[in-house]
Amino acid sequence: MSIQKAIDRTRLGEKLPEMPWYVQQFIDYKLPDLSPSTLLEYVRDYESFFNWLRAEGLSSAAALKDVTLTELESLRIENITGYRLYLTTRTEGTNSRTTVIRKLSALRSMFHYLSQIAEDDDFYPLLKRNVMAKIEIKRTNKPKDTAAKLKGKILEEEELVAFIDYIREGYAADVSTNKQALYAHAKNKERDACIASLILNSGLRVSEVINLNLSDLDVGNKLLHVLRKGSNDETFKTPVYFRDQARSALERYLPLRDSQYAAPKREKALFLAIPNGQTEGKRMTKRAIQAMIIKYAKRFGKPYLTVHKLRHSFATDYYLQNDIYKTKEQLGHASTETTEIYAHLTDKTMSEAIERRSRETGTQET
């Protein structure tokens with residue numbers, strides 16, 4: 001099992017006792033099919049919904065676990081509309097349209113289970129009336145739409161190399177007056193450049209990066225063994241290839257891993273950090289890598305660039321040289337529908353490259 005899955009399974013076990021009994025029953029029903037990380041998101045979504053019900057007076061429960069099935073049966077369409085409005089307008093952090101759709105889908109999945117699958121002792125549905133069945137959830141994340149949103153927010157062509165070079169060298173010049181930032185950069189630049197290079201030259205997800213162990217790495221063959229997202233077999237690691245530039249970055253980082261991060265022999269993680277107040281290196285967290293990429297991206301002049309957009313950057317570049325099926329396999333997509341994003345992105349990229357080449361040729365001829 002991946003490190004993140006193990007952490008999320010523990011958190012799931014801690015949160016479930018706070019939920020109503022029927023939520024616990026639903027999670028048990030879904031456990032064989034969904035990852036602990038997904039189920040933890042479900043529970044957090046239900047926690048938000050039940051808290052809203054209590055705040056709005058739609059439930060008299062003193063605690064989350066006391067919200068009753070009768071109270072769920074009594075909900076009307078306008079109540080769900082009100083919750084949707086709350087999710088999109090609340091002041092303490094609004095949700096994107098995609099997040100709102102996900103939260104409503106999580107609710108609909110549970111309501112469907114309670115009304116269509118689960119039964120009481122007399123073989124009647126646990127939930128007699130399912131208001132969520134009347135709620136239309138429009139999914140707008142078509143590949144073409146996603147590609148349009150990504151345009152201008154990923155790295156293209158020479159920017160892939162330039163960003164890695166900036167992490168290694170350029171950033172220091174931009175923080176030259178900040179001694180603390182300079183010290184941290186000098187210590188971590190090879191590690192940080194290696195992480196960015198690995199994603200930009202293999203398309204790994206951030207969750208896959210943090211789960212990498214030293215034993216997963218075959219530098220000579222430019223190969224990693226990766227715990228892929230969505231895999232039901234938690235013991236099987238998928239072979240994933242990376243490009244030469246990532247090999248160079250790994251060869252620069254690996255000799256520094258033990259000395260720079262005081263790596264204890266028991267620590268298997270490929271990428272380490274020393275937490276504040278501690279003396280030994282530990283596996284980097286997802287949040288640390290995300291924050292690290294954002295830090296460099298802002299200084300690089302790409303404030304919208306995130307760690308996941310590095311994956312999109314690789315995928316777009318890779319698709320220009322390969323077909324959709326090879327790209328799907330490299331990225332670990334469940335279907336080619338997701339991979340179609342890069343078909344739409346590269347259509348635009350290729351047309352711009354042709355126009356740019358035409359201008360350059362015209363200038364030379366003149």
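Trainee: What makes F123 count as exposed?

Mentor: A residue is exposed over 50% relative accessible area, buried under 20%, and partly exposed in between, with a 1.4 Å probe and protein chains only. F123 has 64% relative accessibility, so F123 counts as exposed. F123 is found in the loop between helix 6 (97-117) and helix 7 (143-150), where helices (H or I, at least four residues) and strands (E, at least two) are DSSP runs numbered from the N terminus. The phi of F123 is near 70 degrees, a positive value in a residue other than glycine. Most residues other than glycine have a negative phi.

Trainee: On what basis are such values given?

Mentor: This is a predicted model, in which local features need pLDDT of at least 70 and side-chain atom pairs count only at pLDDT 80 or more, while totals for chains, interfaces and linings use all residues. Residues are numbered from 1 along each chain as its sequence is written, and side-chain values use heavy atoms, with hydrogens and water left out.

Trainee: Why is S259 called exposed?

Mentor: S259 has a relative accessible area of 57%, so the cut-off for exposed is passed. S259 lies in helix 11 (residues 244-260).

Trainee: How do you know that the pair of F49 and Y83 is edge-to-face?

Mentor: Rings of Phe, Tyr and Trp (its six-membered ring) pair if their centres lie within 6.5 Å; planes under 30 degrees apart count as stacked, over 60 as edge-to-face and the rest as tilted. By this rule the count comes to 18 aromatic pairs. The ring centres of F49 and Y83 are 5.0 Å apart and the planes stand at 75 degrees, so this pair is edge-to-face. F49 lies in helix 3 (residues 36-55) and Y83 in helix 5 (residues 77-89), so the pair ties together parts that are 34 residues apart in sequence. Both F49 and Y83 are buried.

Trainee: Which aromatic cluster includes these two residues?

Mentor: W21, Y22, F49, F50, W52, Y83 and Y86 form one aromatic cluster.

Trainee: What makes Y166 and Y171 buried?

Mentor: Y166 has a relative accessible area of 10%, so Y166 is buried. Y171, at 6% relative accessibility, therefore counts as buried as well.

Trainee: How do you know that K153 lies over the face of Y304?

Mentor: A charge sits over a ring if NZ of Lys or CZ of Arg is within 6 Å of the ring centre and within 35 degrees of the ring normal. K153 is at 4.8 Å from the ring centre of Y304 and lies over its face. K187 likewise lies over the face of Y261, at 5.4 Å from the ring centre.

Trainee: How many nonpolar, polar and charged residues are in the lining of the second largest cavity?

Mentor: The lining has 3 nonpolar, 2 polar and 3 charged residues, where Ala, Val, Leu, Ile, Met, Phe, Trp, Tyr, Cys and Pro count as nonpolar, Asp, Glu, Lys and Arg as charged, and the others, Gly among them, as polar.
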